[in-house]
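Morning, everyone. Let me put a chain up on the screen and walk you through it.

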Amino acid sequence: MLHLGHAELGKLQAMSFFFLEARMKEDLWEVVSRAALLLREKNVGVTTTVQHVQGLGRALAALKEHGISGLLGPAGGRVKHAGQVLGCSYAGARALHVKEYLFIGTGKFHPLGIALATGKRVVTADPVTGKSLRLIPIPC
């Protein structure tokens, strides 16, 4: 089976799977710098999808320019890359002891999942539109 757009999902041994990761070329510096203005904390969890994992080093450097320490959740389980989240796994984000997260990517699906999984504020940085947004979870 050929799976386009995602990283490997842990050990799948029942069938032969081939994963072809999809990457976007947008530079993350500018959008992360704008999003940093919305962050309240000095230590934040930084998350993204596989499309932007190659730019996490640059994103962390942009945060550092604003006096913010970005922390990446660990890889493992279904998650291949540090800082990566999946719609079915927010374990890397939940492993961090922070009060706020930065999600780098498009759409609201993953940042809402992070907010629901952690109960913490999430700021988004969309490298395609260049827009940032703060999501505050509603207490259940």
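One definition before anything else: accessible areas come from the Shrake-Rupley method with a 1.4 Å probe, and for residues only the protein chains shown count as cover. On that basis, the protein chain has an accessible surface of about 7700 Å². Carbon and sulfur atoms own 58% of that surface.

Now, the ground rules. This is a predicted model, where local features need pLDDT of at least 70 and side-chain atom pairs count only at pLDDT 80 or more, while totals for chains, interfaces and linings use all residues. Residues are numbered from 1 along each chain as its sequence is written, and side-chain values use heavy atoms, with hydrogens and water left out.

Let's start with the parts list. Helices (H or I, at least four residues) and strands (E, at least two) are DSSP runs, numbered from the N terminus. The protein chain has 4 helices and 7 strands. Along the sequence they follow the pattern β-β-α-β-α-β-α-β-α-β-β.

Next, the sheet. Two strands pair if DSSP finds at least two bridges between them. Here, 5 strands form an open sheet, in the order 4-3-5-6-7, with mixed pairing. Strand 4 (69-72) and strand 7 are the edges, each pairing on one side only. On average, neighbouring strands of this sheet are turned by 30° against each other, direction ignored. For angles like that one, axes are lines fitted to C-alpha atoms, for helices over the stretch in contact, and the angles run from 0 to 180 degrees between N-to-C directions.

Strand 3 (residues 43-48) runs parallel to strand 4, joined by 4 bridges. Val 46 has Leu 72 as its bridge partner in strand 4.

Val 122 stands opposite Leu 135 in strand 7. This hairpin has 6 residues between the strands, and Gly 130 takes a positive phi near 80° there.

What lies across the sheet? Contact, from here on, means heavy atoms within 4.5 Å. Helix 1 (residues 29-36) lies across strand 5 (100-104), strand 6 and strand 7, at about 145° to strand 6. Helix 4 (residues 109-118) lies across strand 3, strand 5, strand 6 and strand 7, at about 160° to strand 5.

On to the inside. Buried means under 20% relative accessible area, exposed means over 50%, and partly exposed is in between (1.4 Å probe, protein chains only). Of the 140 residues in the protein chain, 42% count as buried.

Which residues of helix 1 are buried? They are Val 31, Val 32, Ser 33, Ala 35 and Ala 36. Their cover includes helix 2, strand 5, strand 6 and strand 7.

Leu 56, Ala 59, Ala 62 and Leu 63 are its buried residues. Down the helix axis they fall within an arc of 115°, so they line one face of helix 2. That arc is the one of the directions from the helix axis to the C-beta atoms. Turned away from the buried side of helix 2 are the exposed residues Gly 57, Lys 64 and Glu 65. After helix 2 comes Gly 67, with a positive phi near 75°.

Is His 52 buried or exposed? His 52 is buried, at a relative accessible area of 2%. Beyond neighbours within four places in sequence, His 52 touches Met 24, Leu 28, Ile 104, Gly 105 and Pro 127.

Last topic: the cores. A nonpolar core is a set of buried Ala, Val, Leu, Ile, Met, Phe, Trp, Tyr and Cys residues joined through side-chain atoms within 4.5 Å. The largest has 20 residues, and Val 32, Leu 63, Leu 102 and Ile 104 have the most contacts inside it. Helix 1, strand 3, helix 2, strand 5 and strand 6 each give two or more residues to this core. Apart from it lies another core, of 11 residues, among them Tyr 90, Phe 103, Ile 114 and Leu 135.

One final pair. Gly 113 belongs to helix 4. Gly 113 and Gly 87 are 26 residues apart in sequence, yet their C-alpha atoms are 7.0 Å apart in space.
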